[in-house]
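Please keep the structure in view while reading.

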Amino acid sequence: MLEVDAFYGMDERVAVAGLTVREDNILCEGDHLSEEGLTEHMAQSAAARAGYMALQAGESIRLGYIGSVNQIEYVRLPKVGEEITTRVRLVEEVMNIALLEIESHVGKERIASCRMKIFLEQ
């Protein structure tokens with residue numbers, strides 16, 4: 001289940017990924033992406049960030065696990081046909097643990113946000 005269909009790049013701390021919501025998406029409910037689908041999109045955006053960083057450093061991509069999701073807020077759920085743009089910002093990184101702030105938008109409208117802790121295998 002692919003919940004990221006675009007990676008727009010990153011600077012030192014922020015990566016940007018995207019998803020166009022399609023009606024055949026298994027996590028759609030009626031005419032919109034479910035909360036679970038939006039959360040999975042945010043998690044896969046975080047994974048895209050980690051993978052991109054590994055490739056840029058010439059390293060292999062490591063398996064990652066969600067340690068926690070906190071302060072999650074859904075303002076509204078994106079509709080079929082809308083494009084989600086998600087910014088993943090590194091707050092802090094200690095050894096193999098990254099604390100991220102994630103915000104998803106449709107256009108300029110913020111539709112969801114959370115803080116996510118990711119553990120990467122060594």
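Tyrosine 74 counts as partly exposed, because its relative accessibility is 26%, where buried means under 20% relative accessible area, exposed over 50% and partly exposed in between (1.4 Å probe, protein chains only). This tyrosine has its place in strand S5, strands being DSSP runs (E, at least two residues) and helices DSSP runs (H or I, at least four), both numbered from the N terminus. The C-alpha atoms of tyrosine 74 and glutamate 35 are separated by 7.4 Å, although the two residues are 39 residues apart along the chain.

The model is predicted, so that local features need pLDDT of at least 70 and side-chain atom pairs count only at pLDDT 80 or more, while totals for chains, interfaces and linings use all residues. Residues are numbered from 1 along each chain as its sequence is written, and side-chain values use heavy atoms, with hydrogens and water left out.

With a relative accessible area of 61%, glutamine 71 is exposed. A positive phi of about 50° is found as well in methionine 95, which is not a glycine; methionine 95 lies in the loop between S6 and S7 and is exposed, with a relative accessible area of 74%.

Valine 69 is a further residue of strand S5, and at 32% relative accessibility it counts as partly exposed. Together with Ile66 and Ile72, Val69 forms a nonpolar patch on the surface with about 220 Å² of accessible area in total. Patches are made of residues with over 30% relative accessible area and no salt bridge, like charges being joined within 9 Å and nonpolar side chains (Val, Leu, Ile, Met, Phe, Trp, Tyr) within 5 Å; accessible areas come from the Shrake-Rupley method with a 1.4 Å probe, and for residues only the protein chains shown count as cover.

In the loop between strand S1 (6-10) and strand S2 (14-20) lies arginine 13, which counts as partly exposed at 38% relative accessibility. Arginine 13 and leucine 90 are 77 residues apart in sequence, yet 5.2 Å apart in space, C-alpha to C-alpha.

**Salt bridges**

The structure holds six salt bridges, each defined as a side-chain nitrogen of Lys or Arg within 4 Å of a carboxyl oxygen of Asp or Glu. The table gives three of them.

| Residue pair | N to O distance |
|---|---|
| Arginine 22 and aspartate 24 | 2.6 Å |
| Arginine 110 and glutamate 73 | 3.2 Å |
| Glutamate 109 and arginine 76 | 3.0 Å |

Because arginine 110 lies in strand S8 and glutamate 73 in strand S5, their pair ties together parts that are 37 residues apart in sequence. Arginine 110 is partly exposed, with a relative accessible area of 28%, and glutamate 73 is partly exposed as well, with 37%. Glutamate 109 lies in strand S8 and arginine 76 in the loop between S5 and strand S6 (83-94), so this pair ties together parts that are 33 residues apart in sequence. Arg76 and Glu109 are also linked with Glu82 in a network of salt bridges. Both arginine 22 and aspartate 24 are exposed.

**Pockets**

About 260 Å³ of space lies in the largest pocket. A pocket is an open set of points on a 1 Å grid over the protein atoms alone, where a 1.4 Å probe fits, with protein on both sides within 12 Å along at least five of seven lines, and lining residues have an atom within 4 Å of a point. Grid points are joined across faces, edges and corners, and a volume is the space filled by probe spheres set on the points.

Which element supplies the largest share of the lining of the largest pocket? The largest share, six residues, comes from H1. By class, this lining has 10 nonpolar, two polar and four charged residues, where Ala, Val, Leu, Ile, Met, Phe, Trp, Tyr, Cys and Pro count as nonpolar, Asp, Glu, Lys and Arg as charged, and the others, Gly among them, as polar.

The second largest pocket has a volume of about 190 Å³. Of the 13 residues that line the second largest pocket, the closest to its centre are Ala43, Ala47, Gly64, Tyr65 and Ile118.
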